[in-house]
Amino acid sequence: MTFRAGGQDRVLLNASGNLGVGTLSPSERLHVAGNLRVDGSIKLPSTLRWLSVAPCAFQPTTSGSGYQMDQTWIWSPAGSTISLAAPVEFPDRASTSEVKGRFYDAAVSGGVTLWVHRTDFENALVTTLVLFDTASFSGGATTLTLPVNPPSIVHNSSDSDQLTAPLFGSNAQLGGVRVRYEVSSPLP
């Protein structure tokens, strides 16, 4: 089906259901050849993604913090608490929604609070962006899912963010973290 104006075909709806404006061979549902003006908003679907942070990306945040690491886990010596941080980069307009972490404590119990914070160029804390709920774990390896509390803010790719994980327990271990985030795509 075509629409004509000025003696020429201007709009075409082909058998595949693709609509062409200014083109007679549309390759998408809506294919505009030329400029497009929208006097409202265009909503695009968001995309859920995961950011994985391996144990080797974490480093102690205070000097003198002893820690041990192998290919799977990072941990503090028995009887001590360790605070770890890893640099993370989110794309523009990323909004974090939950974190999954792999934790282990061979002793009685351990605990962790995770948060993402923004730092300046000298790694000084500027602001806490996202606080994930605190969780406890005990008696072996476990995967914890921690929702965002409160709902997250939007990140920018130019920000310098860190994922911080203080581990509490007699022999608490961190085996990696995955942060779920959503990217919305507004058009200018």
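These are my notes on what I looked up in this structure.

**Ground rules.** The model is predicted, so I take local features only at pLDDT of at least 70 and side-chain atom pairs only at pLDDT 80 or more, while totals for chains, interfaces and linings use all residues. Residues are numbered from 1 along each chain as its sequence is written, and side-chain values use heavy atoms, without hydrogens and water.

**Overview.** I found zero helices and 18 strands. Strands here are DSSP runs of E, at least two residues long, and helices are runs of H or I, at least four, numbered from the N terminus. Of the 188 residues, 33% count as buried, meaning under 20% relative accessible area with a 1.4 Å probe, protein chains only.

**Asn 18.** I looked up its place: the loop between strand 2 (8–13) and strand 3 (19–21). Asn 18 counts as buried because its relative accessibility is 12%. Its side chain makes a polar contact of 3.4 Å with that of Arg 29 (N or O atoms within 3.5 Å, one able to donate a hydrogen and the other to accept it; residues adjacent in sequence count only if both atoms are side-chain atoms).

**Aromatic rings.** How many aromatic pairs does the whole structure hold? I found one. The centres of the Phe 90 and Tyr 181 rings are 5.5 Å apart and the planes stand at 85°, so the pair is edge-to-face (centres within 6.5 Å, planes over 60 degrees apart). Phe 90 sits in the loop between strand 9 (82–88) and strand 10 (94–105), and Tyr 181 in strand 18 (residues 172–183), 91 residues apart. Both Phe 90 and Tyr 181 are buried.

Conventions. Buried < 20%, exposed > 50% of the residue type's maximum accessible area, 1.4 Å probe, protein only. Phe/Tyr/Trp six-rings, centres within 6.5 Å; stacked < 30°, edge-to-face > 60°.
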